[in-house]
Amino acid sequence: MNANYSKQWMSLRVRRGIFIVVFLSWIIIGTKAPPLLESLTGSKHSGLMALAIYLPMFFISAYLLINFKCPRCKKQYSSFNWLLGSNKCINCGLEKWRNDT
């Protein structure tokens, strides 16, 4: 069987990119948003407001990344440990970025 999974791998690259951007955006949201929100609202709880903006974005992007389905077996590709570097499907063993040959 000669299967081309390039569209699925592109989806994983996009999901990973979104997660990285959201993860790193805390640098901006965490430092720039509180003073801006405080000046707009007059609230002393602007840090909590910034966190309320950031956390849903973080959890949604992490959920999308973790729940990527394996192109071959259509099951969850990996566990949360994938973020630490797992290189193959936990179910069928398909290596990351590979096509069936």
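Start with the buried side of helix α2: S46, A50, Y54, F58, S61, A62, L65 and I66 are buried, where buried means under 20% relative accessible area, exposed means over 50%, and partly exposed covers what falls in between (1.4 Å probe, protein chains only). An α-helix has 3.6 residues a turn, so residues three or four places apart point the same way. Keep that in mind as you run down the list of buried positions in α2, from S46 to I66.

A word on what you're looking at: this is a predicted model, in which local features need pLDDT of at least 70 and side-chain atom pairs count only at pLDDT 80 or more, while totals for chains, interfaces and linings use all residues. Residues are numbered from 1 along each chain as its sequence is written, and side-chain values use heavy atoms, with hydrogens and water left out.

Helices here are DSSP runs (H or I, at least four residues), as strands are E runs of at least two, and both are numbered from the N terminus. Helix α2 takes in residues 46-66, and its 21 residues should span 30 Å at 1.5 Å a residue; the expected span is 1.5 Å times one less than the number of residues.

What do the buried residues of α2 pack against? Their partner is α1, residues 6-41, with contact meaning heavy atoms within 4.5 Å. The axes of the two helices come within 7 Å and cross at roughly 175 degrees. (Axes are lines fitted to C-alpha atoms, for helices over the stretch in contact, and angles run from 0 to 180 degrees between N-to-C directions.) That crossing makes α1 roughly antiparallel to α2; the label applies over 145 degrees, with under 35 being roughly parallel, 65 to 115 roughly perpendicular and the rest oblique. By class, the contact of α1 with α2 has 20 nonpolar, 5 polar and 3 charged residues. Nonpolar here covers Ala, Val, Leu, Ile, Met, Phe, Trp, Tyr, Cys and Pro, charged covers Asp, Glu, Lys and Arg, and the others, Gly among them, are polar.

Now zoom in on α1. I29 lies in this helix and counts as buried at 16% relative accessibility. Leaving aside residues up to four places away in sequence, I29 touches P34, A50, Y54 and M57. A50 and Y54 are also among the buried residues of α2. S25, also found in α1, is buried at 17% relative accessible area. A polar atom of the S25 side chain lies 2.6 Å from the backbone oxygen of V22.

L48 and P34 are 14 residues apart in sequence, and their C-alpha atoms are 8.2 Å apart in space.

Finally, follow the chain into the segment after α2, where you'll find K74 and W97. Most residues other than glycine have a negative phi. K74, though, has a positive phi near 65 degrees, and the phi of W97 is positive too, near 75 degrees. Buried or exposed, where does K74 fall? K74 is exposed, with a relative accessible area of 52%, whereas W97 is partly exposed at 31%.

Methods: A polar contact is a pair of N or O atoms within 3.5 Å; within protein, one must be able to donate a hydrogen and the other to accept it, and residues adjacent in sequence count only if both atoms are side-chain atoms.
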